[in-house]
Number of protein chains: 2
Amino acid sequence: MLIENDFLAGITRFLTRSPKQINHLLEADAELIHIGKDCILAITTDTIIEEINEGLYTDPYQIGWMSATVNFSDLAAVGADPKGFLTSIQITRNTPLFFMQSIMDGMHDACHLNGTYIVGGDTNHCKSIQIGGTAFGIIQDGKTIMRKGCRPGDQLYVSDKLGLGSVYALEILLKNQCDYAFFPRARIKEGKLIRQLGTCCIDTSDGFFSAVSNLMFINKIGIRIRHDINELIHHNYYLTMLNASLPPWFLLAGPHGEFELMFTVSKKLEEELINSASEFGWHPIYVGEITKEPLLKFQLEGTDITCNPDDVANLYEISAGDLDNYIHALLNIHNQWKRQPLKKSEKIAGIMT
Amino acid sequence: MLIENDFLAGITRFLTRSPKQINHLLEADAELIHIGKDCILAITTDTIIEEINEGLYTDPYQIGWMSATVNFSDLAAVGADPKGFLTSIQITRNTPLFFMQSIMDGMHDACHLNGTYIVGGDTNHCKSIQIGGTAFGIIQDGKTIMRKGCRPGDQLYVSDKLGLGSVYALEILLKNQCDYAFFPRARIKEGKLIRQLGTCCIDTSDGFFSAVSNLMFINKIGIRIRHDINELIHHNYYLTMLNASLPPWFLLAGPHGEFELMFTVSKKLEEELINSASEFGWHPIYVGEITKEPLLKFQLEGTDITCNPDDVANLYEISAGDLDNYIHALLNIHNQWKRQPLKKSEKIAGIMT
């Protein structure tokens, strides 16, 4: 089980559920509430703190953009049509006005890209900058998609090749600069199609392994990836990792994801979904198959791997956010998988420079 | 103009508005968005930070209670029916689990009192505890009430006698304890009646003078209070202030309000509103009348006062949160009003002990 989910289960154990709520805890990326005949409100809240504190986002425009996008991505994963965004802004007493306005610009543009608007918010003074937000959307036809819903035999896809979130985080944290811009867009249009034809959906905001962990835990299923796991990574980021002498699959492990959608579809509707997707130029990436046995299976450079994805997804949390420890822990797993002895530790901060 | 409003106007100046949004900036306590035929979503977000940092709320149950109530009070002021609450929790890595659970209990109970539920949320680690929230509700009949809407001649009321918020804040900050519990409830039922019959509504979450400033600024009107302004204060809190040798009206000035509703009604519908209110045991307190001239007029212990309420409402912000400075600034105004020379400064922290 993911550490965060365990914590959430603990603090919400004694709460009463709304009889109008469709999803239980963890079952969907956004909360789904019946508000009228066939009309469902999708609503989600998410705050950007760690990413600012750790220096991942320093540009105010990007901070604003991300504060909206993380929330819209959750709406995308339930296939909702965004109807508005509220922001919750904590700034210090010394935050310059232009910085604040640049945050608003980024937020505004991300809303605009998703066909909606900033409709309200709240500002407070605080010791550090934190930007939270709430996005809401509507589902008019009563049809829902959640993290929960896939069955053995369903086919697993991601909306695009992966790795941008992690390669961005690694380069920024190790080199203080990145060759790739990080302005992901929420997959709203894709999510709406998945809602019509798919069986479950989650975004990769916390990374590929975290998404896999969630789907496996919630649906009590396993996943068999059909090709080498490295094939899920975008070619450019794959090369960046090779150049840095790091195993490319680390980009699937990191907790800073790329905001793609991971979804399943039954074999019966698979062709219809793929055809409908291509009509608007979207070509989902095939991942593999949902299995009964609750294990993750894949190939890594010719080696067959069977694992519990929690062991990878929880590593950053266990490393308490220390990047050196984290990468060593990943290298440890990599070498175990490859049945190679652990190499003498290197100064990680030097690897990518 | 209130300093906070000036700031908000500055950072939102270049944003595009949603064509579905009914209220403009500052015009309503909650945002009002058309989401279907006659169906309006009311949604609001508010975070508790300063109150925790300044030691106003230390009990976790109360922190949870207030994080929900501040948001439900905004829904009350637009007469919406609460449908759910999302929480945004920032805790430190050292926050004990029982503390966290007690926050959730307070939040849960405040939701329950307002006929609704915690439907979701987000947790993050941060350097200090901050609890934010988003409440949403529905208006089914298309009829709205906002801060904007009153006209000269309308009658001004508050939902109950005032002063609890300020007397609580003063006692906690000066004596570290308070004779009065502070667990305000949102005036949901009252707000729904006001929405049917009233012309404008705002809650007193930021205090009486702040609410008056807002109504005057948004509606471009003035207010004439009919009785001595001290009569708006609950008898108990009035006595507390006399015992502390502080002018009771300071309780109307403070920025920590009591979450009552301040509203107007036309003379034509006044009787119907009062009669309907009394049917469920509610007896609104008469304040005075809306006037054309944009000034606040009232009597203070026999003296006629005419003022700009901003001068009082902005004082805490101008004092940068320093309580000694703030109370001296209030005493200064009091003495100007009473045409009394300013007394030699006393150690304020000693006044109430």
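Reader: Where does helix α3(A) lie, and at what angle does it run to β5(A)?

Author: First, how to read such a thing: helices (H or I, at least four residues) and strands (E, at least two) are DSSP runs, numbered from the N terminus. Axes are lines fitted to C-alpha atoms, for helices over the stretch in contact, with angles from 0 to 180 degrees between N-to-C directions. Two residues are in contact if their C-beta atoms, placed from the backbone, lie within 7 Å. Here, α3(A) lies across β2, β3 (81-91) and β5 (130-139) of chain A, at about 35° to β5(A). Bear in mind that this is a predicted model, where local features need pLDDT of at least 70, side-chain atom pairs count only at pLDDT 80 or more, and totals for chains, interfaces and linings use all residues. Residues are numbered from 1 along each chain as its sequence is written, while chains are lettered from A and ligands numbered from 1 in the order in which they are written.

Reader: In what order do the 5 strands of the open sheet in chain A come?

Author: Strands of a sheet pair through backbone hydrogen bonds, either parallel or antiparallel. To count as a pair, two strands need at least two bridges found by DSSP. In chain A the order is β1-β2-β5-β3-β4, with mixed pairing. At the edges stand β1 (31-36) and β4 (118-125) of chain A, each with a single partner strand, so one side of each has no neighbour in the sheet. On average, neighbouring strands of this sheet are turned by 20° against each other, direction ignored. Take β1(A) and β2 (residues 39-48) of chain A: they pair in the antiparallel sense over 5 bridges, and E31(A) sits opposite I43(A) in β2(A).

Reader: Which domains does the assignment give chain A?

Author: Domain bounds come from an automatic or database domain assignment. For chain A it gives domain 1 (29-139) and domain 2 (155-350). Their C-alpha centres are 24 Å apart. Across the contact, 19 residues of domain 1 of chain A meet 21 residues of domain 2 of chain A. Our helix α3 (residues 60-77) of chain A turns up again, giving the largest share of the domain 1 side, 10 residues.

Reader: What is the phi of K220(A), and is this residue buried or exposed?

Author: Most residues other than glycine have a negative phi, and most peptide bonds are trans. K220(A) has a positive phi, near 50°, and is not a glycine. You'll find K220(A) in the loop between α7 (208-219) and β8 (222-228) of chain A. As for burial, a residue is buried if 20 or more other C-beta atoms, placed from the backbone, lie within 10 Å of its own, exposed if 12 or fewer, and partly exposed in between. K220(A) has 11 C-beta neighbours inside 10 Å, so this residue counts as exposed. Over in chain B, N176(B) also has a positive phi, about 70°. N176(B) belongs to the loop between α5 (164-175) and α6 (188-197) of chain B, and is exposed, with 10 other C-beta atoms within 10 Å.

Reader: How many residues does each chain bring to the contact between chain B and chain A?

Author: Chain B brings 48 residues and chain A brings 48 residues. On the chain B side, β4(B) gives the most, with 7 residues.
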